[in-house]
There are 2 protein chains.
Amino acid sequence: MLSELVKNELKRIVGTANAAFAREELLCYSYDATNTLYPPDAVVFVKSAEEVSLILKMANSEGFPVIPRGAGSGFSGGSLPVEGGVVISTERMNGIIEIDTENLTAVVEPGVVLWEFQQEVEKKGLFYPPDPSSLRFSTLGGNIAECAGGPRAVKYGVTKDYVLGLEVVLPTGEIINTGVRTAKGVVGYDLTKLMVGSEGTLGVVTKATLKLVPLPEATRTLLAVFPDLKDAATAVSGIIKAKVIPSTLELIDGVSLKCVEEYAKAGLPEAEAVLLIEVDGSREGVVKDSEVVERICMEYGAQSVKSATGKDEVRDLWKARRAISASLFRVKPNKINEDVVVPRASIPELIGGVREIADRLNLTIACFGHAGDGNIHVNVMYDKTNPCEAKAAEDAVTEVFKLTVELKGTISGEHGVGVSKARYLSLELKPEAIEAMKRIKAAFDPNGILNPGKIFPKKAAEEGAYMVGAEAASGVPATGL
Amino acid sequence: MLSELVKNELKRIVGTANAAFAREELLCYSYDATNTLYPPDAVVFVKSAEEVSLILKMANSEGFPVIPRGAGSGFSGGSLPVEGGVVISTERMNGIIEIDTENLTAVVEPGVVLWEFQQEVEKKGLFYPPDPSSLRFSTLGGNIAECAGGPRAVKYGVTKDYVLGLEVVLPTGEIINTGVRTAKGVVGYDLTKLMVGSEGTLGVVTKATLKLVPLPEATRTLLAVFPDLKDAATAVSGIIKAKVIPSTLELIDGVSLKCVEEYAKAGLPEAEAVLLIEVDGSREGVVKDSEVVERICMEYGAQSVKSATGKDEVRDLWKARRAISASLFRVKPNKINEDVVVPRASIPELIGGVREIADRLNLTIACFGHAGDGNIHVNVMYDKTNPCEAKAAEDAVTEVFKLTVELKGTISGEHGVGVSKARYLSLELKPEAIEAMKRIKAAFDPNGILNPGKIFPKKAAEEGAYMVGAEAASGVPATGL
């Protein structure tokens with residue numbers, strides 16, 4: 001609970017119109033895509049680094065938590081006020097300050113919606129590749145905090161690869177500039193890449209310098225249909241071994257296919273698996289690469305490989321791909337959505353293992369995702385009103401994580417740890433590594449006021465006070481405002 | 001000075017054959033490419049993370065500095081034992097543990113020489129792009145510590161972009177694994193990218209998982225000759241604006257051209273400037289990109305653009321490029337070699353400013369380097385036996401740094417801060433940012449035993465006890481062993 005003094009000071013800092021304390025307003029900032037509710041005590045809409053700095057300084061002196069928030073579309077609880085406190089919403093800091101076509105850089109405020117930024121950039125013939133499924137509503141600030149990825153990561157990398165420099169407010173209120181506006185720089189420690197993906201626990205990003213690349217000349221989308229899931233998974237490695245790096249290389253299993261086709265009617269085939277592949281580059285390169293991809297898929301057991309003709313067909317295919325997550329609620333009302341990554345060549349083993357776990361625990365588990373970089377979204381479907389099934393679902397997640405780590409993988413490729421995965425951290429990281437990370441947190445945030453309860457296991461998380469990585473049961477991802 | 005007890009313990013840890021204490025042996029580990037001498041008290045040749053851990057634990061309890069060392073080819077003093085202590089040489093940890101052609105990764109020990117690694121990788125049709133000029137002798141461990149770049153950074157990025165995960169011994173002796181073996185991962189803070197480029201101050205790398213890419217099918221080398229330096233610099237931006245990203249895009253000014261031609265006789269033209277450009281990719285793509293590059297160079301005022309025919313010509317051109325640094329000693333016996341970076345479009349302004357500084361201070365300053373990513377090696381030539389000229393040279397460096405920062409650049413793109421640039425740190429970074437970095441250092445190394453006196457300005461550095469970024473006056477870069 002905030003004192004009246006603190007509330008008045010918040011109003012003074014951001015202006016009365018930019019501070020909210022009413023219960024109905026707070027509710028709008030109390031959830032993310034994990035379908036859990038943690039109301040804050042206040043929401044402030046900041047407009048500058050200076051405002052953020054004043055709030056953080058007060059948080060240290062008065063002892064209340066501060067939670068930075070983009071669009072609230074995260075899958076791991078990164079923006080949830082699990083201990084109450086003041087939500088700093090960056091949604092009104094939404095200016096694209098500069099798109100520099102000579103240096104291929106852009107300077108943006110954190111509240112810019114990814115999709116809008118991409119549209120502006122593409123108008124100038126440039127390209128900002130990160131493309132999480134939330135791209136129509138998630139913000140660049142949130143993308144930076146979580147190091148968002150997406151299908152194009154296989155060729156283009158993730159958000160971290162595009163952040164050159166930041167203006168960040170440290171938890172203790174100092175405003176610093178990290179990184180460079182240039183292609184490279186090695187002066188001091190790399191605070192930029194430390195901030196990206198730190199889930200809002202080390203600082204509040206108030207400005208970012210992003211790297212852009214030339215927009216590829218041509219793109220071609222292919223759909224390869226496989227009668228066998230493992231063959232499709234093996235073909236993924238086959239394509240890369242043939243030295244073609246597609247711009248996207250997505251695997252969709254039979255369960256997902258069936259659900260999304262019933263839901264979105266995009267004309268997807270009934271099959272055990274498909275690979276949805278996009279190649280981009282020069283016009284000639286795209287033709288050549290498509291031929292290689294087609295040949296490899298057929299060699300690895302595809303029954304057909306079809307090239308999408310026309311923009312509409314491509315759009316429908318991607319619409320279907322993005323609708324999978326929501327469509328799965330046709331199977332069961334609840335879902336645990338994890339985004340494990342394994343070395344590409346181990347995808348067949350991962351998929352096989354997941355199938356075995358699903359059969360043994362009598363669950364439906366749908367697998368789809370960014371196979372090209374080994375990142376598979378494993379979706380455990382269940383009904384939470386059935387305690388037996390809920391227990392089985394949680395057991396399945398633990399087993400999937402253990403299998404992932406055995407296969408030298410990581411338990412999260414894109415979604416982050418947040419609160420959802422905090423209890424599993426020690427499956428992947430040795431205590432000494434966790435300790436080193438905690439030392440960084442303590443060095444930056446000695447009073448633990450910035451986004452507390454995230455990443456590192458806390459008592460509350462261990463007790464399982466909230467559901468693991470669960471998505472909005474409604475079928476519509478919760479997207480904040 | 002080390003006690004007999006410490007010496008005996010060092011011998012016990014690494015074996016008598018792997019510990020050196022004799023003056024003549026220590027001398028071999030007392031310098032790097034900055035042409036300054038700081039003898040250590042002992043050199044140990046480690047063979048495992050466990051050995052490194054035991055030494056670091058003892059360093060904390062007994063209070064002596066530990067300095068990790070690769071090949072000692074650094075340009076900023078990163079491997080110099082400026083406060084004495086124990087050098088940990090990783091040169092005997094030189095195994096390539098694995099090259100995984102399915103997952104496009106490699107696992108290496110830190111002592112592997114970059115060139116040897118690249119040869120092994122290329123045998124398998126794969127590619128590890130970082131290519132500092134020291135590539136024939138520098139080690140992967142040193143490359144990681146300094147975040148080495150090279151001409152290919154314009155297209156392929158720097159060492160940091162290829163390090164997926166590390167085994168690191170922390171200053172307090174804990175052995176941790178950072179990062180992943182997969183294409184992505186967002187579990188916890190990014191300790192990997194924090195370690196890369198931290199100049200051996202945050203940990204000792206004992207193993208690295210590196211990312212590989214497919215070897216490009218074809219390469220073409222072009223030499224564009226310009227009667228005007230500024231035109232050449234402007235053409236650099238022109239090429240990128242035309243959406244061609246060459247694999248290298250090097251600028252060489254007239255001073256450098258003259259020196260290297262007298263020295264290496266590679267058939268370089270006498271001109272105000274040349275651009276040495278390489279494009280790579282598919283056979284068709286290379287032809288197309290070369291045509292664009294040629295057209296743009298002519299538009300921007302080139303007098304000729306020539307495509308190198310045959311492997312020998314290409315090799316000679318690159319040999320000449322790599323010989324520039326050494327050949328400059330024909331002008332003057334001493335040299336300060338800085339590697340500033342500015343946004344690409346500001347290169348003409350930087351070059352113009354450097355010319356003005358050179359004229360005003362009556363110095364010869366040669367500029368060459370990786371113009372494609374804005375990284376120019378500015379070489380201030382002088383004779384240190386002439387105190388007036390030595391003073392002018394130091395003033396010139398300070399002015400070049402100030403100009404760089406004004407142009408929104410960074411004072412080091414590749415070489416690091418080390419001891420050479422420590423005194424200039426505050427030109428680029430705000431006190432709050434330096435403070436944040438120091439807090440990380442203190443969190444990892446509370447007793448300050450690992451590579452002390454580096455990055456952060458210390459009294460000794462401020463007093464100018466050693467020359468700024470000076471290279472070996474002999475003309476042969478000091479390369480360690």
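I number residues from 1 along each chain as its sequence is written, and chains are lettered from A and ligands numbered from 1 in the order in which they are written. As the model is predicted, local features need pLDDT of at least 70 and side-chain atom pairs count only at pLDDT 80 or more, while totals for chains, interfaces and linings use all residues; side-chain values use heavy atoms, with hydrogens and water left out.

**Entry 1: helix α4 of chain A.** I took helices (H or I, at least four residues) and strands (E, at least two) as DSSP runs, numbered from the N terminus. Which residues of α4(A) are buried? I find A:Leu114, A:Phe117, A:Gln118 and A:Val121 buried in this helix, which covers residues 114–123. Here buried means under 20% relative accessible area, exposed over 50%, and partly exposed in between, with a 1.4 Å probe and protein chains only. Looking down the axis of α4(A), I see its buried residues fall within an arc of 100 degrees, so they line one face of the helix. The arc is taken from the directions from the helix axis to the C-beta atoms.

The buried residues of α4(A) pack against β5 (96–100), β6 (105–108), β7 (126–127), α5 (140–146) and β10 (204–211) of chain A; contact means heavy atoms within 4.5 Å. After α4(A) comes A:Gly125, with a positive phi near 75 degrees.

**Entry 2: α8 against α12, chain A.** I looked up how α8(A) (residues 229–241) packs on α12(A) (residues 347–361): the angle is about 155 degrees and the axes are 8 Å apart. Axes are lines fitted to C-alpha atoms, for helices over the stretch in contact, and angles run from 0 to 180 degrees between N-to-C directions. That makes α8(A) roughly antiparallel to α12(A). On this scale angles under 35 degrees count as roughly parallel, over 145 as roughly antiparallel, 65 to 115 as roughly perpendicular and the rest as oblique. The crossing of α8(A) past α12(A) is right-handed, a label used if the near helix is turned clockwise from the far one by less than a right angle, with left-handed for anticlockwise.

From α8(A), I listed A:Leu229, A:Lys230, A:Ala233, A:Thr234 and A:Val236, which meet A:Ile347, A:Pro348, A:Ile351, A:Gly352 and A:Arg355 of α12(A). Sorted by class, the residues of this α8(A)–α12(A) contact are 6 nonpolar, 2 polar and 2 charged. The classes: Ala, Val, Leu, Ile, Met, Phe, Trp, Tyr, Cys and Pro are nonpolar, Asp, Glu, Lys and Arg charged, and the others, Gly among them, polar.

**Entry 3: α12 against α13, chain A.** I then followed α12(A) to α13(A) (residues 387–406), where the angle is about 155 degrees and the axes are 10 Å apart. α12(A) and α13(A) are therefore roughly antiparallel to each other, and α12(A) passes α13(A) in a right-handed crossing. Among the contact residues I noted A:Leu350, A:Val354 and A:Ile357 of α12(A), and A:Ala396, A:Val400 and A:Leu403 of α13(A). The class count for α12(A) with α13(A) is 8 nonpolar, 2 polar and 4 charged residues.

Entry 4: Most residues other than glycine have a negative phi, and most peptide bonds are trans. I flagged A:Glu199, whose phi is positive, near 55 degrees. A:Glu199 sits in the loop between α7 (191–195) and β10 of chain A and is buried, at 2% relative accessible area. I also flagged B:Lys243, with a positive phi near 65 degrees. B:Lys243 is in the loop between α8 (229–241) and β13 (248–253) of chain B. Buried or exposed, or in between? At 40% relative accessibility, I have B:Lys243 down as partly exposed.

Entry 5: A:Ala49 belongs to helix α3 (residues 49–62) of chain A and is buried, at 3% relative accessibility. Leaving aside neighbours within four places in sequence, I see A:Ala49 in contact with A:Met93, A:Glu167, A:Val169, A:Ile175 and A:Thr206.

B:Asn60 is buried, with a relative accessible area of 18%. With neighbours within four places in sequence left out, B:Asn60 is in contact with B:Pro171, B:Thr172, B:Asn447 and B:Ile449.
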